[in-house]
Amino acid sequence: LLENIAVSPAVQGQGVGRALLELAERCAAKQGFGSIHLYTQDIMTENQVLYAKAGYVEYARRTEDGLNRVYMRKRL
């Protein structure tokens with residue numbers, strides 16, 4: 001589970017978020033995991049686009065703790 005990813009506004013749009021995703025994916029694959037999962041709020045549409053471009057696929061939507069979440073995964 002990729003729990004949280006954040007990039008300083010000063011460097012947004014420079015590929016830092018993508019690099020962090022790729023690092024998490026490499027670490028998960030190195031540890032023998034076959035996929036990596038994440039979730040984001042449904043209102044975070046930019047995040048959903050970034051994750052989809054990186055190969056993540058939506059597999060569920062749920063409301064938890066009062067938040068509408070989109071669940072995504074990527075096979076490694």
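These are my notebook entries on a predicted model.

**Entry 1: the sheet**

I began with the strands. How many strands does the open sheet have, and in what order? There are three, in the order 1-3-2, and the pairing is antiparallel. I reminded myself of the general rule. Strands of a sheet pair through backbone hydrogen bonds, either parallel or antiparallel.

Next I looked up the edges. Strand 1 and strand 2 stand there, each with a single partner strand. One side of each is therefore left without a neighbour in the sheet. I also noted the twist, which averages 25 degrees from one strand to the next.

Then I looked at strand 1 and strand 3. They run antiparallel and are joined by seven bridges. I looked up the partner of Ser 35 in strand 3, and found Arg 75.

What packs on the sheet? Helix 2 does, and this helix touches strand 1, strand 2 and strand 3. The direction of helix 2 makes about 165 degrees with that of strand 1.

**Entry 2: the aromatic rings**

I searched for ring pairs next. The structure holds three aromatic pairs. I picked Tyr 39 and Tyr 71. Their ring centres are 5.2 Å apart. Why is this pair called tilted? The planes of the two rings meet at 40 degrees. Stacked needs under 30 degrees and edge-to-face needs over 60, so the rest count as tilted.

Where do the two residues sit? Tyr 39 is in strand 1 (residues 35-41), and Tyr 71 is in strand 3 (residues 67-75). They are 32 residues apart, and the pair links distant parts of the chain.

I checked how open each one is. Tyr 39 has a relative accessible area of 29%, so Tyr 39 is partly exposed. Tyr 71 has 7%, so Tyr 71 is buried. The cut-off for buried is under 20%.

Tyr 39, Tyr 59 and Tyr 71 form one aromatic cluster.

Arg 62 lies over the face of Tyr 71, at 4.5 Å from the ring centre. The charged end of Arg 73 sits over the ring of Tyr 59, 4.4 Å from its centre.

**Entry 3: the salt bridges**

Now the charges. Side chains of opposite charge can pair when their charged atoms come close. How many salt bridges does a search of the whole structure find? It finds four. I wrote down some of them.

I took Lys 74 and Glu 25 to start. Their side chains meet in a salt bridge at 3.1 Å, N to O. Lys 74 is in strand 3, and Glu 25 is in helix 1 (residues 16-30). The two are 49 residues apart, so I marked this pair as a link between distant parts of the chain.

Are these two buried or exposed? Lys 74 is at 18% relative accessibility and counts as buried. Glu 25, with a relative accessible area of 9%, is buried too.

I moved on to Arg 69. Arg 69 forms a salt bridge with Glu 64, and the closest N and O atoms are 3.0 Å apart. The side chain of Arg 69 also meets that of Asp 65 in a salt bridge, at 4.0 Å, N to O. Salt bridges that share partners join Glu 64, Asp 65 and Arg 69 into one network.

I looked up the accessibility of each member. Arg 69 is at 12%, so Arg 69 counts as buried. Glu 64 has 26% and is partly exposed. Asp 65 has 72% and is exposed.

**Entry 4: two loop residues**

I stayed with Asp 65. Where does Asp 65 lie? Asp 65 is in the loop between strand 2 and strand 3. Phi of Asp 65 is near 55 degrees. That is a positive value in a residue other than glycine.

My last stop was Gly 55. Gly 55 is found in the loop between helix 2 (45-53) and strand 2 (57-64). At 36% relative accessibility, Gly 55 counts as partly exposed.

Which residues does Gly 55 contact, leaving aside neighbours within four places in sequence? The answer is Arg 73 and Lys 74.

Terms used: Residues numbered from 1 in each chain as written. Predicted model: local features only at pLDDT ≥ 70, side-chain atom pairs only at ≥ 80, totals over all residues. Heavy atoms only, no water. Helix = DSSP H or I, 4+ residues; strand = E, 2+ residues; numbered from the N terminus. Buried < 20%, exposed > 50% of the residue type's maximum accessible area, 1.4 Å probe, protein only. Contact = heavy atoms within 4.5 Å. Phe/Tyr/Trp six-rings, centres within 6.5 Å; stacked < 30°, edge-to-face > 60°. Lys NZ or Arg CZ within 6 Å of the ring centre and 35° of its normal. Pairing = 2+ DSSP bridges. Axes fitted to C-alpha atoms, helices over the stretch in contact; angles between N-to-C directions.
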